[in-house]
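Please read this briefing with the structure open beside it. The points are grouped by topic.

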Amino acid sequence: MARSCSAERWLNSMTPADNSHHLVAAAARRSAEARRRAEGALLALRSSGQPASVVTLAMDAGVSRSWLYTQPDLIAGLRQLAGQAPTPRATPASERSLRVRLAAAQARNERLQRRIEALTEQNNQQRQQLEHTYAELRRLRVALPPTEAKVQRPL
């Protein structure tokens with residue numbers, strides 16, 4: 001549908017409305033809500049006695065870990081809480097478990113070594129084949145008369 005010139009001028013003369021204040025207000029509401037949830041989750045962690053960590057707090061509050069790190073007072077409260085109730089350390093792997101993992105790693109290492117040897121052999125064979133092919137090409141070029149060699153020489 002064709003527009004008239006006056007309609008075109010009217011559309012071009014209108015300036016778009018600046019609604020950015022709505023975006024700013026929405027962002028502020030989201031931030032305040034995230035802060036409220038994080039503070040509530042921190043209080044719940046204090047009363048529950050659970051091990052405190054950034055991951056736990058972020059999951060409980062429904063916020064990202066990166067956002068939490070931008071809130072120094074929440075991180076300080078979390079560190080204080082973690083100092084009161086240290087997180088349990090993982091138990092070291094048993095000797096049997098370490099031996100099983102070592103055996104699996106050694107078996108994988110041996111398989112990879114055999115694969116390297118096979119690929120090296122294949123590479124050597126292809127290199128020899130290529131050398132023979134180049135030698136044959138040189139022999140054929142020498143055998144051809146000079147005028148024919150120029151015409152039939154590959155690019």
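Predicted model: local features only at pLDDT ≥ 70, side-chain atom pairs only at ≥ 80, totals over all residues.

Residues are numbered from 1 along each chain as its sequence is written, and side-chain values use heavy atoms, with hydrogens and water left out. The protein has 7 helices and 0 strands; helices (H or I, at least four residues) and strands (E, at least two) are DSSP runs, numbered from the N terminus.

**Overall make-up**

- Read from the N terminus, the order of elements is α-α-α-α-α-α-α.
- Of the 155 residues in the protein, 14% are buried. Buried means under 20% relative accessible area, exposed means over 50%, and partly exposed is in between (1.4 Å probe, protein chains only).
- The accessible surface of the protein is about 13,100 Å², and carbon and sulfur atoms account for 57% of it. Accessible areas come from the Shrake-Rupley method with a 1.4 Å probe; for residues, only the protein chains shown count as cover.
- Among contacts between residues at least 6 apart in sequence, 50% join residues at least 24 apart. A contact means heavy atoms within 4.5 Å.

**The nonpolar core**

- The largest nonpolar core has 17 residues, and those with the most contacts inside it are Leu 57, Val 63, Trp 67, Leu 68 and Leu 78. Such a core is a set of buried Ala, Val, Leu, Ile, Met, Phe, Trp, Tyr and Cys residues joined through side-chain atoms within 4.5 Å.
- At least two residues of this core come from each of helix 2, helix 3, helix 4 and helix 5. Helix 2 gives the most, with 5 residues.
- Setting aside residues up to four places away in sequence, Leu 68 touches Ala 38, Val 54, Leu 57, Ala 58, Val 63, Leu 74 and Ile 75.
- Val 54 belongs to helix 3 (residues 54-61). Val 54 counts as buried because its relative accessible area is 14%.
- Beyond its neighbours within four places in sequence, Val 54 is in contact with Arg 65, Leu 68, Tyr 69, Ile 75 and Leu 78. The C-alpha atoms of Val 54 and Leu 78 are 7.4 Å apart, although 24 residues separate the two along the chain.

- Side chains of opposite charge can pair when their charged atoms come close. The structure holds 6 salt bridges; a salt bridge is a side-chain nitrogen of Lys or Arg within 4 Å of a carboxyl oxygen of Asp or Glu.
- Arg 35 forms a salt bridge with Glu 39 (3.2 Å, N to O). Both residues lie in helix 2 (residues 20-48), 4 residues apart, which is about one turn of the helix.
- Arg 35 also forms a salt bridge with Asp 73 (2.1 Å, N to O). Asp 73 lies in helix 5 and Arg 35 in helix 2, so this pair ties together parts that are 38 residues apart in sequence.
- Glu 39 is partly exposed at 34% relative accessibility, and Asp 73 is partly exposed at 43%.
- The side chain of Gln 71 makes a polar contact of 3.2 Å with that of Arg 35. A polar contact is a pair of N or O atoms within 3.5 Å; within protein, one must be able to donate a hydrogen and the other to accept it, and residues adjacent in sequence count only if both atoms are side-chain atoms.
- Gln 71 sits in the loop between helix 4 (65-69) and helix 5 (72-84). With a relative accessible area of 15%, Gln 71 is buried.

**Other charged residues**

- Glu 33, Arg 36 and Arg 37 are linked in a network of salt bridges.
- Arg 139 and Glu 136 meet in a salt bridge (2.5 Å, N to O). They lie 3 residues apart in helix 6, about one turn of the helix.
- Arg 139 is partly exposed at 47% relative accessibility, and Glu 136 is partly exposed at 35%.
- Arg 99 is found in helix 6 and is exposed, with a relative accessible area of 55%. A polar contact of 2.6 Å joins its side chain to that of Glu 95.

**A nonpolar surface patch**

- Leu 130, Tyr 134 and Leu 137 form a nonpolar patch on the surface, with about 280 Å² of accessible area together. Patches are made of residues with over 30% relative accessible area and no salt bridge: like charges are joined within 9 Å, nonpolar side chains (Val, Leu, Ile, Met, Phe, Trp, Tyr) within 5 Å.
- Leu 137 lies in helix 6 (residues 95-143) and counts as partly exposed at 33% relative accessibility.
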